[in-house]
Amino acid sequence: MYYVNLEIPFNKRIRFESQKKASEEIGISEETLSRILSGKKGTRKPIAYCITKCFDENAEINDYFIYEGE
């Protein structure tokens with residue numbers, strides 16, 4: 001599972017102006033996106049990739065997420 005890296009300074013973490021719009025673009029519920037970004041829920045690689053690219057198309061998953069084996 002991929003979890004948001006909470007060691008990144010808060011002002012450099014993934015934040016969307018509109019989580020509703022971002023969640024629709026990614027294809028997940030707004031609640032799920034919120035739980036992932038707050039570190040309360042992990043996600044699989046495809047969703048971590050979509051979140052990363054929706055936030056910054058030039059970023060890589062490991063810029064914002066940490067992988068924790070299952």
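Trainee: On what basis are residues numbered and values computed here?

Mentor: This is a predicted model, in which local features need pLDDT of at least 70 and side-chain atom pairs count only at pLDDT 80 or more, while totals for chains, interfaces and linings use all residues. Side-chain values use heavy atoms, without hydrogens and water, and residues are numbered along each chain as its sequence is written, from 1.

Trainee: At what angle do α1 and α2 pack?

Mentor: Helices are DSSP runs of H or I with at least four residues, strands are runs of E with at least two, and both are numbered from the N terminus. Axes are lines fitted to C-alpha atoms, for helices over the stretch in contact, and angles run from 0 to 180 degrees between N-to-C directions. The axes of α1 and α2 are 8 Å apart, and the packing angle is about 100 degrees.

Trainee: Are α1 and α2 therefore roughly parallel or roughly perpendicular to each other?

Mentor: Angles under 35 degrees count as roughly parallel, over 145 as roughly antiparallel, 65 to 115 as roughly perpendicular and the rest as oblique. The angle between α1 and α2 is about 100 degrees. The two helices α1 and α2 are therefore roughly perpendicular.

Trainee: How many nonpolar, polar and charged residues has the contact of α1 with α2?

Mentor: Contact means heavy atoms within 4.5 Å. From α1, Gln 19, Lys 20, Ala 22, Ser 23 and Ile 26 meet Glu 30, Leu 33, Ser 34 and Leu 37 of α2. Ala, Val, Leu, Ile, Met, Phe, Trp, Tyr, Cys and Pro count as nonpolar, Asp, Glu, Lys and Arg as charged, and the others, Gly among them, as polar. By class, the contact of α1 with α2 has 4 nonpolar, 3 polar and 2 charged residues.

Trainee: Is Ser 23 buried or exposed?

Mentor: Buried means under 20% relative accessible area, exposed over 50%, and partly exposed in between, with a 1.4 Å probe and protein chains only. Ser 23 belongs to helix α1, and its contacts beyond four places in sequence are Ile 28, Ser 29, Glu 30 and Leu 33. With a relative accessible area of 3%, Ser 23 is buried.

Trainee: With which residues is Ile 26 in contact, leaving aside its neighbours within four places in sequence?

Mentor: Ile 26 is placed in helix α1 and counts as buried at 11% relative accessibility. Apart from those neighbours, Ile 26 touches Leu 33, Cys 50, Ile 51 and Cys 54.

Trainee: How many disulfides does the structure hold?

Mentor: A disulfide is a pair of cysteine sulfur atoms within 2.5 Å. The closest cysteine sulfur to that of Cys 50 is in Cys 54, at 8.5 Å, too far for a bond. Cys 50 is partly exposed at 32% relative accessible area, and Cys 54 is partly exposed at 23%. The number of disulfides is 0.

Trainee: Which residues do ring pairs link into a cluster?

Mentor: Rings of Phe, Tyr and Trp (its six-membered ring) pair if their centres lie within 6.5 Å; planes under 30 degrees apart count as stacked, over 60 as edge-to-face and the rest as tilted. The structure holds 3 aromatic pairs; the rings of Phe 16 and Phe 55 form an edge-to-face pair, with centres 5.9 Å apart and planes at 90 degrees. Phe 55 and Tyr 64 are likewise edge-to-face, with ring centres 5.5 Å apart and planes at 90 degrees. The cluster linked by ring pairs consists of Phe 16, Phe 55 and Tyr 64.

Trainee: How many residues apart in sequence are the parts that the pair of Phe 16 and Phe 55 ties together?

Mentor: Phe 16 is buried at 16% relative accessibility, whereas Phe 55 is partly exposed at 31%. Because Phe 16 lies in the loop between β1 (2–4) and α1 (19–26) and Phe 55 in helix α3, the parts tied together are apart in sequence by 39 residues.

Trainee: Is Thr 43 buried or exposed?

Mentor: Thr 43 sits in the loop between α2 (30–37) and α3 (45–55). Beyond four places in sequence, Thr 43 is in contact with Met 1, Tyr 2, Ile 36, Ala 48 and Phe 65. Its relative accessibility is 7%, so Thr 43 counts as buried.
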